[in-house]
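Please look over the structure shown below before reading the report.

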Amino acid sequence: MADPAGHCTAYSIEKLSAFVDGDLSAGDAQAVRAHGVGCPRCAAVLSDLSALVSAARGLDRPEPPPTLWAAVEGSMERHDRPWWMALRLFGTGALAGAAAVSVVALGLASWRAHRAAAPAPAAVAIAAVATDPLLAEAEAEFARAAAAYEGSIEKLRGLLAREEPRWSAEERALYAERLVQLDEAIARSRDLARRSPGDSTGNEQLFAAYQQKITFLAAAVHRGGTWGEDGRPPRNEGSP
Amino acid sequence: MIRAAGLLALSVGLTAATPAWAADPNPPNPPNPPNPPNPPNPPNSPNAASSGAGEAQLVDRREIIVPARGAEMVRIENLLGRVGIRGTARPGEIHVVAEKRAPSAEILGRLRVHYTSFESGEVQIDTRVELGGRERSLPLAGSGVDLWLEVPPDVAVEAKTFGGDVSASGLRAGAKLETTGGRIGISDVRGGVVTHQLRGGQRLAAIEGDVDLDGVEGDMDLKNLGGGRVDARLVDGSIHADDIRDDLVRLVTTTGQIVLIGVIRPSAHYDLRSYAGDVRVVSSGESAPFELRARSATPLDTALALRGSRRDGEWLRAEYVGRRPAPRTHAALLELSSALGGVVIQVQPRE
């Protein structure tokens with residue numbers, strides 16, 4: 001699906017941007033993620049947007065005015081709201097509120113942390129994230145999962161090595177062509193994940209790409225080389 | 001549109017006893033009966049606990065009632081640990097117990113739990129870790145958050161973990177569970193069930209609804225399923241299914257065994273396939289007549305008397321007419337295939 005300029009029209013740039021920002025619902029995010037695995041154009045846009053977001057995060061953040069929270073609170077008071085929205089959970093300054101306030105709620109903790117220390121230059125902030133042991137922990141977890149996916153792919157490739165000689169030349173060509181596409185999707189996703197350390201979006205896309213390859217290989221094992229475009233595991237193919 | 005949002009600012013608190021069902025060491029089993037919620041813990045008293053690795057950890061446990069009037073869907077994303085869901089809450093509220101653990105108070109303070117309530121009737125609950133001034137949904141090895149939820153039975157549930165086990169029970173509007181490396185356990189659920197898993201194994205029991213299971217590594221154990229359809233796909237692991245009453249039963253694995261125990265039902269379609277493992281059907285009662293299509297590396301091993309056996313390429317075709325032929329009974333279709341293993345049809349001895 002592409003416009004005259006060659007851009008994919010499945011998702012707008014705003015939608016892709018919202019995906020990178022983590023603003024989509026889980027269902028929408030899943031749909032964009034799945035689309036990105038098979039669409040090089042959107043994958044490239046996602047990669048660029050992720051890089052942009054990563055760079056933007058390194059910028060120094062302006063100090064919110066000291067009156068901001070009081071203003072938000074006052075705004076909340078003026079609205080008719082259920083009793084529970086007025087609660088401050090656990091009395092620790094956490095928030096419950098309406099739409100506009102939620103943004104503040106999500107950012108308040110980091111804002112407070114930011115206020116406690118002198119503003120750090122962008123480079124220092126980036127270095128701080130890069131050397132944070134929690135980031136290394138998270139990346140190690142993702143790497144372990146990626147290794148598990150790759151291990152399963154290797155197993156399936158081993159099984160296919162037994163089946164492949166029985167395929168026709170056309171089947172082998174189709175198989176190789178599809179494999180190239182899947183490997184390209186994995187490479188793009190891996191690049192996206194590498195460019196955005198500490199961001200689960202890239203890794204989720206990488207895992208989705210691995211999953212597609214596993215589904216394809218498993219289907220090829222069962223079907224003996226006669227698989228469809230759906231990439232689904234076997235149904236009734238092969239039965240009389 | 002967002003209706004409400006909150007941040008469970010779990011600072012530090014006393015470790016209280018985790019509810020018995022939440023502390024179940026084997027979540028894929030049906031959870032234990034509920035315990036009454038514990039009272040909230042007093043703040044500012046971090047308590048040291050020992051992690052599985054022997055390293056002392058701080059544990060902070062909090063409870064909250066999330067208002068969920070009109071909620072139709074609850075989505076939980078917790079890449080930081082386990083998720084356990086039970087459909088036992090009163091209508092209009094979700095009871096959340098969040099238990100954070102970390103090796104230091106500094107890291108404990110960087111673990112967050114959020115909820116967001118949308119006008120659409122969706123409630124989202126997720127966990128994050130503060131990293132570089134931004135909260136991120138990430139898995140960690142040395143720290144984590146476990147979430148134990150009681151939701152109204154009639155809300156649909158979607159839950160996602162990374163390495164943590166995820167379990168659901170007592171739900172009446174279906175469940176979708178996804179995990180990378182945790183175990184999946186689902187019991188006593190009505191409505192559609194969908195799972196996705198990289199590894200860890202899945203255990204399902206007492207489901208009334210369509211079931212769609214997807215796994216790469218780990219065994220699947222299915223018991224007492226009834227609805228319209230069971231579709232289980234696995235790459236590396238065995239599938240054991242007992243007492244399946246669906247009209248369409250499709251169990252597929254690449255390297256493991258498939259075992260189906262139960263009665264072959266009239267008109268049902270059974271499609272059991274393994275590439276490298278055996279496929280075994282154990283008839284545990286008065287099975288309906290069926291048409292058999294079988295393919296295996298070794299000769300078919302059957303304890304049921306078949307008739308009309310003939311070859312059709314790699315496939316063997318035959319019929320089973322039942323012990324007491326009933327002309328009006330619609331035959332089932334049994335497709336059993338193992339490229340490298342055997343196909344076995346057994347009869348379970350009566351007790």
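The report begins with the basis of the model and then turns to each chain.

## Basis of the model

This is a predicted model, in which local features need pLDDT of at least 70 and side-chain atom pairs count only at pLDDT 80 or more, while totals for chains, interfaces and linings use all residues. Residues are numbered from 1 along each chain as its sequence is written, chains are lettered from A and ligands numbered from 1 in the order in which they are written, and side-chain values use heavy atoms, with hydrogens and water left out.

## Helix packing in chain A

In chain A, helix α7 (residues 133-163) packs against helix α9 (residues 200-223) at an angle of about 15°, their axes lying 9 Å apart. The two helices, α7(A) and α9(A), are therefore roughly parallel to each other (angles under 35 degrees count as such). The residues of this contact divide into 15 nonpolar, 4 polar and 5 charged.

## Chain B as a whole

Chain B contains 1 helix and 30 strands (DSSP runs of H or I with at least four residues, and of E with at least two). Of its 351 residues, 58% count as buried, that is, under 20% relative accessible area with a 1.4 Å probe, protein chains only.

D188(B), in strand β14 (residues 184-190) of chain B, has a positive phi near 50° although D188(B) is not a glycine. N224(B), in strand β18 (residues 220-226) of chain B, likewise has a positive phi, of about 60°, and is not a glycine.

D188(B) is partly exposed, with a relative accessible area of 37%, and N224(B) also counts as partly exposed, at 29% relative accessibility (partly exposed lies between the buried limit of 20% and the exposed limit of 50%).

Technical notes: Axes fitted to C-alpha atoms, helices over the stretch in contact; angles between N-to-C directions. Parallel < 35°, antiparallel > 145°, perpendicular 65-115°, else oblique. Nonpolar A, V, L, I, M, F, W, Y, C, P; charged D, E, K, R; others polar.
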